[in-house]
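Hello,

Here is the structure I promised to hand over. Please open it alongside these notes.

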Amino acid sequence: MTTESSSKDLLPADLAMGTVMLKVGNMKLMTDYYQRALGLEPVAEQDGGVYLGRSGRPLVHLASAPGLNLPARGEAGLFHTALLFEDRASLAATVASAARYEPGLFTGSADHLVSEAFYFSDPEGNGIELYWDRPREAWAWEGSNVVMDSLALPPQRFLQEHLTEEAVSGQRETRAGVGHVHLQVGDVQSAHDFYVGTLGFEKTAGWHGQALFVSAGGYHHHMAMNVWNSRGAGPRQDTLGLGEVLIEVPEGDDVGALADRLRVAGVQSHHTGAELRFEDPWRNRIRVAVR
């Protein structure tokens, strides 16, 4: 592959997505869903909220916010949090438990060529993707664009072929991570200007001017933004749903370089030395911290 930019003003190639924080109205219901449907376990508790994850690694932070309303349709915010599994069997085990928990929360599935993905909605409407990646050597590139598609992926057939008793019994011991975070935004060009032009991601794909996919280090995408439900959306209100996206980088110098780029671009941020907090043009909160 070739990259869109050779500039030194790029995010580090070994960047990783960290914990996604969600503001929730019904902690009991949401905690039950993420534990029983997705097989996550409590990792830590803080200020009335809970961090849930796998193998001691937090993936989702549920923060109690009982006074807030659900976001209105068409607002910017979270499209989905994408949990990445190491193989098809561990993916199948969690797809099966999520489908058993409440079949009506299943929203679709697709073979994206680079990955196979299953989509759900949690009880408060936050989108979830469960997926595994095909090996990188199997991905096709056209210049700097990774070749992706949305082909049929029948869920029953996938489960018949890949669900094993061993994967079900060992579900909570298998590793998973936040593979990418997909946002709803008001317009794609502003998203490109911010996430590529200022933050230093590289564009890896677009979708008819309706979606943008960006990454570091040649991954298919660490983040994405679309306008499918939110074209023209302005800055977010304080609602239930997405609270914060965490991006993890290896060095403090990476945080400092990004702080410099934000300052030059006129983006307000709070820099503690170890981490940087700021908002995108739609008031989606981003935190960049040393891993």
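How do the residues of the lining of the second largest pocket divide into nonpolar, polar and charged? There are 10 nonpolar, 10 polar and 3 charged residues. Keep in mind that this is a predicted model.

More on that pocket. The second largest pocket holds about 370 Å³ of space. It is lined by 23 residues, and H112, M148, S150, W207 and F213 are the closest to its centre. Five strands each give at least two residues to this lining: β5, β7, β10 (145–146), β11 (176–184) and β12 (202–206).

Now the largest pocket. Its volume is about 500 Å³. The lining has 27 residues, with L78, F79, G125, G127 and Q184 nearest the centre. At least two lining residues come from each of β5 (77–85), β7 (115–121), β8 (127–133) and β15 (241–249). β5 gives the largest share, 4 residues. By type, the lining of the largest pocket has 11 nonpolar, 12 polar and 4 charged residues.

Last, a helix pair. Helix α2 (residues 88–101) packs against helix α3 (residues 155–162) at about 125 degrees, and the axes are 9 Å apart. The two helices are therefore oblique to each other. The crossing of α2 past α3 is left-handed. On α2, the contact uses R88, A89, L91, A92, V95 and A96. On α3, it uses F158, L159 and H162. These contact residues divide into 7 nonpolar, 1 polar and 1 charged.

Best wishes

Key
Residues are numbered from 1 along each chain as its sequence is written. This is a predicted model: local features need pLDDT of at least 70, side-chain atom pairs count only at pLDDT 80 or more; totals for chains, interfaces and linings use all residues. Side-chain values use heavy atoms; hydrogens and water are left out. On a 1 Å grid over the protein atoms alone, a cavity is a set of points where a 1.4 Å probe fits but cannot get out, and a pocket is an open set with protein on both sides within 12 Å along at least five of seven lines; lining residues have an atom within 4 Å of a point. Grid points are joined across faces, edges and corners, and a volume is the space filled by probe spheres set on the points. Ala, Val, Leu, Ile, Met, Phe, Trp, Tyr, Cys and Pro count as nonpolar, Asp, Glu, Lys and Arg as charged, and the others, Gly among them, as polar. Axes are lines fitted to C-alpha atoms, for helices over the stretch in contact, and angles run from 0 to 180 degrees between N-to-C directions. Angles under 35 degrees count as roughly parallel, over 145 as roughly antiparallel, 65 to 115 as roughly perpendicular and the rest as oblique. A crossing is left-handed if the near helix is turned anticlockwise from the far one by less than a right angle, and right-handed if clockwise. Contact means heavy atoms within 4.5 Å.
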